[in-house]
Amino acid sequence: MSLRVVALLAAVLSFGGPALAREVAKSTVAVREKEPQLSPARERQKRCGAEWRSLSTADKAAKGPTWPQFYSRCVKRLKAS
């Protein structure tokens, strides 16, 4: 009995699986095309992250020993400019 259920389930999934996968892929591409530019917040996050990665260990200690502290100050600075 369970072998029949498994075979039936596999048949149903194999029939609808590829079509469903194509629909998901199309919707994902459509979502990406709607927002070609980064939001201002995302742009600030990327810029602050690049600055953080370029700092040496001593600079990180002086500007904020952890990422959240540095990021908070960086966002405030970028919003002000």
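The talk below takes up the disulfide, then the aromatic rings.

Modeller: First, this is a predicted model, where local features need pLDDT of at least 70, side-chain atom pairs count only at pLDDT 80 or more, and totals for chains, interfaces and linings use all residues. Residues are numbered from 1 along each chain as its sequence is written, and side-chain values use heavy atoms, with hydrogens and water left out.

Colleague: What makes C48 and C74 a disulfide?

Modeller: The term needs two cysteine sulfur atoms within 2.5 Å. Those of C48 and C74 are 2.0 Å apart, so the pair qualifies. The whole structure holds 1 disulfide. This one links distant parts of the chain: C48 sits in helix α2 (residues 40-54) and C74 in helix α4 (residues 67-80), 26 residues apart. Helices here are DSSP runs of H or I, at least four residues, numbered from the N terminus.

Colleague: Why is the pair of W52 and W67 called edge-to-face?

Modeller: Phe, Tyr and Trp rings (six-membered for Trp) pair with centres within 6.5 Å; planes under 30 degrees apart are stacked, over 60 edge-to-face, the rest tilted. Here the centres are 5.9 Å apart and the planes at 65 degrees, so edge-to-face it is. W52 lies in helix α2 and W67 in helix α4, 15 residues apart.

Colleague: Which residues do ring pairs link into a cluster?

Modeller: W52, W67, F70 and Y71.

Key. Helix = DSSP H or I, 4+ residues; strand = E, 2+ residues; numbered from the N terminus.
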